[in-house]
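Okay, everyone, thanks for coming. Let me put the structure up and we'll walk through one part of it together.

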Amino acid sequence: MLYFFKGFKIKEYKLVILGAGASALMLATKLSEDGFKDTLIIDHNPKIGMKIKISGGGKCNVTNEDVDFNNYLGDSSFVDTILKQYTPFQLLKMLQNRNVSPKIRSLGQYFCKKSADEVIDALKIGLNESNFLLLNKIKSVVKEDFFIITTDKKQIKAKYLVVATGSSAYPQVGGSDIGLTLAKSFGHEVENFSPALVGWTVQKDQFWMKELSGISTRVSIDVGVKKLYGELLFAHKGISGPSVLSASLYWKKGLVYIDFLPDISLKEALSQKKKQISTQLGLSKRLAKKLLQSIEVEDKIVDKLNNKDYEKLALLKKYPLSPAGNFGLKKAEACRGGVKTDFIDADSMQSKVVNNLYFIGEVLDVTGELGGYNFQWAFSSAVVAYKDLKNKLIKE
Ligand SMILES: Cc1cc2nc3c(=O)[nH]c(=O)nc-3n(C[C@H](O)[C@H](O)[C@H](O)COP(=O)(O)OP(=O)(O)OC[C@H]3O[C@@H](n4cnc5c(N)ncnc54)[C@H](O)[C@@H]3O)c2cc1C
């Protein structure tokens, strides 16, 4: 339908979704399945689902077999309410019905068999070109008795508006904080975005780590509130890998403690008294030698260790590290921060401040650990909004 606003002709939709990412596509395809077609999805990217496309090394870690609020930074009761309304089991069933059968690779993480395109194609079902307005940068939104959305190219009118613009992570594929600007303009409080699921740069004392670039080792990282297990990858800029990425979600500043022998006690590790320390830690020789240098223990046979050596060797299980910073938004797989969830109703995803306005996905102040948790959040929150919107949109 056409409508005139300030003298200009503008097109009217019942539902406009801002952002064509994971959560938006889930919402639109579910509505389409129920016969509702009057949806427009706006994105500044040339293609839809661009973060899905590059996720999980191109194979999209779509969910995890073990998902609960403990895997998220955010209001646990809010997160719990939403995750319970659409579980990994329901997501996997929906994907299976659309001929996508992700498989567990490790640690309960489900990945696509061939490529992330499988997920994008599944989420496109029931949608066509007329549902998308791409290469349009959302600038602002105002509300009268309906919403007027202004992009850099046109204006659109909507009765219901869903903000699904994600976070600022990976600006190279469209990440931005427009969702926070819009939320604030409508009276919601927000927590500014900052990089999460991102590698750490290291202080001068730990520059030796950069020399090990390419080596990876299993560790646990104690960030105070939580201990994260997984691989640590030494990188040119500092340290990265799954354990660091998940730990970065919880770290703000100060010390973290790395256990380089997470599955074994020091006593067990050094049980062979006639062997050199570096050969029996179960670490790569280069890493073992560098670690010993950094804690100032000479690489000798265990029999020759004195009490002082043992005190220092205890640091292998509690190595103190104060990250200098992180690799930044361009390398971050997600962001901390978002629209504060006190302003959102967990049974509908509708704003408590503005009627007919919804927020879903990563734009909210909820962020998951590495392992499929962020897509599950995007999809669960989208389905909660879908359940509320379908009654309104289809019955009206
Ligand atoms: C490299 C990488 C790998 C990842 N791998 C995984 C993984 O394997 N598993 C997992 O669970 N999570 C992964 N994530 C995180 C996951 O991609 C996000 O949490 C998820 O996509 C969030 O969904 P969303 O719908 O909220 O936002 P998005 O999918 O980010 O969609 C938001 C959309 O809004 C658009 N947009 C933003 N601003 C504007 C504007 N001003 N105008 C117009 N359009 C705009 C963007 O272009 C984007 O298309 C990964 C992220 C990255 C960056």
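So, to start: how many bridges join strand 13 to strand 19, and do the two run parallel or antiparallel? There are two bridges, and the strands run antiparallel. Strand 13 is residues 200-201, and if you look at Thr201, its bridge partner in strand 19 is Gly325. Keep in mind that this is a predicted model.

Now zoom out a bit. That pair belongs to an open sheet of seven strands, paired antiparallel, and the order goes 18-17-14-15-16-13-19. At the edges you have strand 18, residues 319-321, and strand 19, residues 325-326. Each of those has a single partner strand, so one side of each is left without a neighbour in the sheet.

Next, helix 7. What does helix 7 lie across? It lies across strands 13, 14, 15 and 16, and it runs at about 125 degrees to strand 15. For orientation, strand 14 is 216-222 and strand 16 is 238-240.

Strand 15 and helix 7 come up again in the second largest pocket. That pocket has about 290 Å³ of space and 16 lining residues. The elements giving two or more residues to the lining are strand 15, at 227-234, and helix 7, at 242-250. Strand 15 gives the largest share, four residues.

Which residues lie nearest the pocket centre? Those are Leu107, Tyr229, Ser246, Glu369 and Leu370.

Terms used: Residues are numbered from 1 along each chain as its sequence is written. This is a predicted model: local features need pLDDT of at least 70, side-chain atom pairs count only at pLDDT 80 or more; totals for chains, interfaces and linings use all residues. Side-chain values use heavy atoms; hydrogens and water are left out. On a 1 Å grid over the protein atoms alone, a cavity is a set of points where a 1.4 Å probe fits but cannot get out, and a pocket is an open set with protein on both sides within 12 Å along at least five of seven lines; lining residues have an atom within 4 Å of a point. Grid points are joined across faces, edges and corners, and a volume is the space filled by probe spheres set on the points. Two strands pair if DSSP finds at least two bridges between them. Contact means heavy atoms within 4.5 Å. Axes are lines fitted to C-alpha atoms, for helices over the stretch in contact, and angles run from 0 to 180 degrees between N-to-C directions.
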